[in-house]
Amino acid sequence: MSFKTVKLSEIQDNPYRNNESYRYDDNKILALAESIGDTSFWENLLARQTKDGNIQLAYGHHRLQALKKLVAEGRKEYENIKINVRPENQLTDERMLKIFAQENKDDWGESPHNLCMTVLQLQAHLEGLVKASKDKDQFLKKVGDSGSLKVDDRSFTRMKNQGVGASIIAQFLGGTWSRQTIQDALQVLENDEATFKLAQLLPSVTLANRFQKLVTKSVEGKGKNKVVEMFDEVTQQKVADKIVKEGLTRAEVEEAVKISNSGADGADPLAAINVVVEKKKGAIKAAKEIADAGKPAPKEAVEKVQIALEKVLDVVTKVRGELSDGDITRIKGGIELIVEVLDAPPEVEDELTEVEDNVEDIMSSLPTE
């Protein structure tokens with residue numbers, strides 16, 4: 001490592017950070033400033049020095065803002081700080097982008113706005129490299145240290161013609177993001193701006209994706225010719241408010257999508273959500289009655305199964321490179337059978353669905369023929 005003393009005012013943000021797109025958490029900045037003020041600053045920032053001599057931060061943007069806050073309050077000892085600075089050939093653009101993406105995930109979890117903006121930037125960067133490359137070999141060379149990318153001539157041509165999808169982005173990030181999260185973000189970004197703004201109110205990008213499915217009235221065509229018609233903004237707002245107020249899970253919103261799509265008189269997202277809400281209230285009431293009667297609630301057994309599944313998944317994740325397609329099929333079949341036999345209530349079925357998604361991520365990471 002190479003530590004340098006740098007003027008705080010000369011440290012630039014990661015070049016992939018745009019303050020208009022990526023929000024700061026003011027409470028986190030305040031907490032960090034108080035912590036640094038009490039215990040002093042540890043040299044836990046990573047930056048690179050460009051060929052032009054600029055110092056660009058790789059990660060630690062909230063800590064940088066906390067230091068600036070302290071300096072503004074008169075703490076002059078933080079005007080110059082000692083940080084880890086590496087040359088540009090070690091922290092390439094691709095590495096800076098991956099570090100920034102992971103920092104966003106760590107800071108914001110499933111925040112639809114920040115995850116969607118990050119995925120959009122990842123996709124744009126990779127598509128720029130594809131456009132600037134004549135073949136897969138040149139593309140992989142430009143990407144540099146992403147040896148985990150599985151790109152052959154056919155997939156490179158597909159990226160040239162159709163763009164970069166969730167699988168390539170997940171591989172580029174080295175498996176630190178799930179393919180499902182990236183896919184959900186890409187789908188959220190496909191719809192109109194008004195719906196995207198509402199989707200950002202939801203607590204996770206997976207919920208935002210299901211919300212958008214629910215408020216989609218019709219879809220015609222495919223690809224660039226696809227035309228999407230959404231329900232009016234008033235209906236969308238009511239649906240979003242209901243999802244947040246009732247604390248609905250992804251599985252419950254997915255159930256509402258199925259109910260709405262199967263309506264004899266056409267789709268009605270608000271009515272579908274109300275059906276799911278009443279069903280959830282009924283399940284909670286039934287569980288309370290069982291508990292009041294002194295009988296073990298069905299969820300207890302399901303939770304034990306979930307713990308067992310998570311233990312199995314830990315092992316499966318470690319040996320995923322050795323699993324065959326047949327192994328994956330049997331794992332998925334077992335999970336489906338467990339869900340069917342347990343007849344799990346919606347909130348527990350959502351947890352099991354998470355395991356299914358993880359298994360699908362494992363399947364997507366297997367080598368293709």
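## Helix contact and salt bridges

The axes of helix α4 (residues 112-131) and helix α5 (residues 136-143) come within 9 Å of each other and cross at roughly 135°, and the two helices are therefore oblique to each other. This description rests on a predicted model. The crossing in which α4 passes α5 is right-handed. On the α4 side, Leu-126, Leu-129 and Val-130 take part in the contact, where they meet Phe-139, Lys-142 and Val-143 of α5; the residues of this contact divide into five nonpolar, no polar and one charged.

Across the whole structure, a search finds 10 salt bridges, including the pairs in the table.

| Salt bridge | Closest N to O distance |
|---|---|
| Glu-79 with Lys-76 | 3.7 Å |
| Glu-255 with Lys-279 | 2.8 Å |

Lys-281 and Glu-278, by contrast, both lie in helix α13, where they are three residues apart, about one turn of the helix; Lys-281 is partly exposed, with a relative accessible area of 44%. In a further group, Asp-184, Arg-210 and Glu-254 are joined into one network by salt bridges that share partners.

In the remaining tabulated pair, Glu-79 is partly exposed at 34% relative accessibility, whereas Lys-76 is exposed, with a relative accessible area of 54%.

Terms used
Residues are numbered from 1 along each chain as its sequence is written. This is a predicted model: local features need pLDDT of at least 70, side-chain atom pairs count only at pLDDT 80 or more; totals for chains, interfaces and linings use all residues. Side-chain values use heavy atoms; hydrogens and water are left out. Axes are lines fitted to C-alpha atoms, for helices over the stretch in contact, and angles run from 0 to 180 degrees between N-to-C directions. Helices (H or I, at least four residues) and strands (E, at least two) are DSSP runs, numbered from the N terminus. Angles under 35 degrees count as roughly parallel, over 145 as roughly antiparallel, 65 to 115 as roughly perpendicular and the rest as oblique. A crossing is left-handed if the near helix is turned anticlockwise from the far one by less than a right angle, and right-handed if clockwise. Contact means heavy atoms within 4.5 Å. Ala, Val, Leu, Ile, Met, Phe, Trp, Tyr, Cys and Pro count as nonpolar, Asp, Glu, Lys and Arg as charged, and the others, Gly among them, as polar. A salt bridge is a side-chain nitrogen of Lys or Arg within 4 Å of a carboxyl oxygen of Asp or Glu. Buried means under 20% relative accessible area, exposed over 50%, partly exposed in between (1.4 Å probe, protein chains only).
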